[in-house]
Each structure stands twice: as structure tokens, then as C-alpha cells.
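Hello,

I am handing over the structure we talked about. Please have a look at it below, and then read on for what turned up.

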Amino acid sequence: MSSMKVKAKEKDGIVEVKALIKHPMETGQRKDKKTGKPIPAHFVQQVIVEHGGKTRVSADWSGGVSKNPLLFVKFKGGAKGEMVKVSWTDNQGGSDSAEEAIS
Amino acid sequence: MQTDIKRRVFLKGSVASGAVAAAVGAGLLTPQMVLAEWNKAAFESKTVEDAVKNLGLEGGEESADINIKAPDIAENGAVVPVTVDVSMDGVENIAFIVKENPSPLVATFSMGEGGVPFARTNIKMGKTSDVIAMVTAGGKTYMAKKEVKVTIGGCGG
């Protein structure tokens, strides 16, 4: 089961990519309210958007990005039916990716 | 004008970052697509000045070509939508910086081939602060800022 929902829409030659990633995005600064122990940092560090064998846009994040983060980026040169792949990696070795056809 | 993504694509033997190694192992990132290592120094900087320095940026001429869309008042500091849209040629990177956050640098977006200089994500803000967009284009650095008032901070427990 994917952690991501990806939508890719082409309009006037520009592909809009929206991805919603299910992820806690813990900064490492919060403490567990019961135990007082710090909750370890756990956040997506990098997201890449690929199409046609190329990285179109990449994003580097810290825990300052919100929980269950949204990514909305755009690129030129994609056509309806072609695949867009969004992949993420986090600071604890986690990763996931999803592909979606441009509509 | 062409962003040379190859400058930032390398596979170091010492890329010890577990995340990247795991992703490469899982076949999610091939060596050609491994991007520059996550800039720990910049993301862990405690001041805007240090973050900018650690990003390797200098200056930051204010530019009206950088449009920051963010709420005047954030209802919830844990989820503040910020959109940066740049109407310049040759944009390479866009950085989102929150001046009053404990670690001001929150996100960077790098344009690959065909990448449009536009980015939106939701960020955490601890308190009322300027949200700063720093943009590199054609080797120069530009910036714009917008104040976002925060009533309920979203950075800590």
C-alpha cells in the first residue's frame, strides 16, 4: 500500500504534479507527553519528480515541513499518457515511490 | 539558462546517509539519479544568516519577480500553505526560510530540466514570522519575503 497519492495534469504544455505523502514529519524537538522523552526526528528529506528518464524537480525538506506533506510542483515537456514518478526518502532510511499517468 | 543537474548528481562512496543507501538498494534511485546529499548544515542552522551561508548563497537582492503566496494570518501554525512562484528565467533553486523558526531553513526546491520555478508545500511556523523565499537564477541570488501572523504555533508539543 503506497504512502502517496499522486496527480499529474497537463495543461497548455505544463504538467502540474501534486503529491500527498503520508508521513509523521517529526522534527525531533517534541517530547512524549507521558514519558518526557524526546520523539526522534523522522521526516522526509528528499522528494524527486521524474518523467521521461529525467529528474524534473527535486525537493529537500526538514522537519519544518508539515505532517502528511503536500508537494505541488510543475514542469514543461510532458504529454498526456506519459508517466510521472514521485519518490521520497526519509532520515530513517524509509522510502517510497508512486507513478501516475499524466491526465 | 539550462540547469546543469549533473553538477548536483554524484554518488560518493561515503554517502553514508542511510536513506539514500536504502533507496539505492531498493532500486528506487539509480546512481544517475542520486542527488546531492541532504544539506545538514543548512537545515540545522539556527539563524537565517547561517542557513544562507550554508546553502552557499551570498546577497539576496529583493525582487518583485518572486511571488510568495501565504496567509496573512495562519489559523494553524502546524500547517501553513506557502506557494512561491518566480517569473524569471534560469531559476535553479528556491529556498523556503522561516525567520523565527528554531531552524529557519525548511525546504529547498531544485529545478531539473523543464522544471518550472513554482513550488508549494505546507510548513510549520512556531510564531509570527517573515517567510522568506531565496531564489538562485543565472548564478545570482534574489529574495522576497512576506510576514505571516501565527496565533497558534506549530513547532513543538
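Predicted model: local features only at pLDDT ≥ 70, side-chain atom pairs only at ≥ 80, totals over all residues.

Residues are numbered from 1 along each chain as its sequence is written, while chains are lettered from A and ligands numbered from 1 in the order in which they are written.

The contact draws 36 residues from chain A and 42 residues from chain B (C-beta atoms, placed from the backbone, within 7 Å). On the chain A side, β4(A) gives the largest share, 8 residues (strands are DSSP E runs of at least two residues, numbered from the N terminus). β4(A) also pairs with β6 (residues 105–111) of chain B, antiparallel over 5 bridges (pairing takes at least two DSSP bridges). There, A:V57 has B:M111 as its bridge partner.

Both chains also share an open, antiparallel sheet of 6 strands, in the order β1(A)-β2(A)-β5(A)-β7(B)-β4(B)-β2(B). β1 (4–11) of chain A and β2 (66–69) of chain B are at the edges with a single partner strand each, so one side of each has no neighbour in the sheet. β2(B) pairs with β4 (residues 80–86) of chain B over 4 antiparallel bridges, and B:N67 is bridged to B:D85.

Leaving aside neighbours within four places in sequence, B:V135 contacts residues including B:I66, B:V86 and B:Y142.

Best wishes

Terms used. Contact = placed C-beta atoms within 7 Å.
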